[in-house]
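Please open the model in a viewer and keep a selection tool at hand. The stops below proceed from one selection to the next.

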Amino acid sequence: MTIKEAMEVRHTVRRYTDRPLSRETVSRLEERIAENNARYGLGMRLVTENTAAFQAALKLVLAKGVRNYIVLAGSAGEEERLGYCGCDVMLYAQTLGLNTWWVGGTYSRRGVRRGAGLAEDQRLAGIIAVGYGAAQGGPHRSKRPEDISSYCGGAPDWFTRGVEAVLLAPTALNKQAFQITGQGDTVKMTCDNGIFSGIDLGIGKYHFEEGAGRENFRWA
């Protein structure tokens, strides 16, 4: 499965089986995380066989069987990079046959920080639950391409594909608060989603690049 194919089939999954991740799968995820950390100066890490990410009440009504998760950690001001790189790892996990859930706020920060061994000065921006889903999830409600984008003149195919890919991306509260404009080979993307804007913008940019093809445009 390619990353583009993973974008099409990935859906939010909140309930997981007790099937453990194999050593090979853990190794491949850790390698992908390490590559992103080295390239962008982040502190993401994978935590396995740890159930401290959610408090008891949330485990009963919202998250069941979450025991593996990717910790989105870095310095202050790196939210966009964390969104971009976290998206890369999330979709890579999908290519390995795993399911995921991008969790922005409904988790135990204390439990995650302790489980991941984060330093006090490392910012925790969220987690991505990962494992074998009890089900595969389903599509979320989506805006229309014209609701979030405009192009000066007739939009080329690559721009249309990029916008369509963005609408497949997970965003906080499913707001899809993107605005994408294009002219010639230049594209500008903004996101106004409150405290989640930076993370969502990084996720959106990753999806746009995969859908449009990085060789076809440049960011404004």
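Which residue just after H8 takes a positive phi? Select Gly-213: its phi is about 95 degrees. The model is predicted, so that local features need pLDDT of at least 70 and side-chain atom pairs count only at pLDDT 80 or more, while totals for chains, interfaces and linings use all residues. Residues are numbered from 1 along each chain as its sequence is written, and side-chain values use heavy atoms, with hydrogens and water left out.

Next, select helix H8, residues 197-212. Helices here are DSSP runs of H or I with at least four residues, strands are runs of E with at least two, and both are numbered from the N terminus. H8 has 16 residues and reaches 22 Å from its first C-alpha to its last, close to the 22 Å expected at 1.5 Å a residue; the expected span is 1.5 Å times one less than the number of residues. Of the 16 residues of H8, 15 are buried, where buried means under 20% relative accessible area, exposed over 50%, and partly exposed in between (1.4 Å probe, protein chains only).

Move to helix H4, residues 79-95. Its 17 residues should span 24 Å at 1.5 Å a residue, and the end C-alpha atoms are 24 Å apart, which agrees. H4 is mostly covered, with 14 of its 17 residues buried. Just after H4, Gly-97 has a positive phi of about 90 degrees.

**The sheet**

Now display S1, S2, S4 and S3, which in that order form an open sheet of four strands with antiparallel pairing. Two strands pair if DSSP finds at least two bridges between them. The edges are strand S1 (45-47) and strand S3 (99-103), each pairing on one side only. From one strand to the next, the twist averages 25 degrees.

Zoom in on S3 and S4, which pair in the antiparallel sense over five bridges. Asn-99 has Gly-131 in S4 as its bridge partner. Bring H4 back into view: H4 packs on the sheet, touching S2, S3 and S4, and its direction makes about 160 degrees with that of S3. Axes are lines fitted to C-alpha atoms, for helices over the stretch in contact, and angles run from 0 to 180 degrees between N-to-C directions. H2 lies across S1 and S2, at about 155 degrees to S1.

**The cores**

Which residues have the most contacts inside the largest nonpolar core? Select Leu-29, Leu-91, Leu-98 and Trp-102, within a core of 33 residues. A nonpolar core is a set of buried Ala, Val, Leu, Ile, Met, Phe, Trp, Tyr and Cys residues joined through side-chain atoms within 4.5 Å. H4 supplies the largest share of this core, nine residues. A second, separate core of 19 residues includes Val-13, Ala-53, Val-66 and Ile-127.

Centre on Leu-91 and show its contacts (heavy atoms within 4.5 Å). Beyond its neighbours within four places in sequence, Leu-91 is in contact with residues including Ile-3, Met-7, Tyr-206 and His-207.

**Two single residues**

Is Leu-21 buried or exposed? Leu-21 sits in the loop between H1 and H2 and, at 12% relative accessibility, counts as buried.

Finally, select Gln-183 in strand S6 (residues 178-183). Gln-183 counts as exposed at 54% relative accessibility. Leaving aside neighbours within four places in sequence, Gln-183 is in contact with Tyr-151 and Cys-152.
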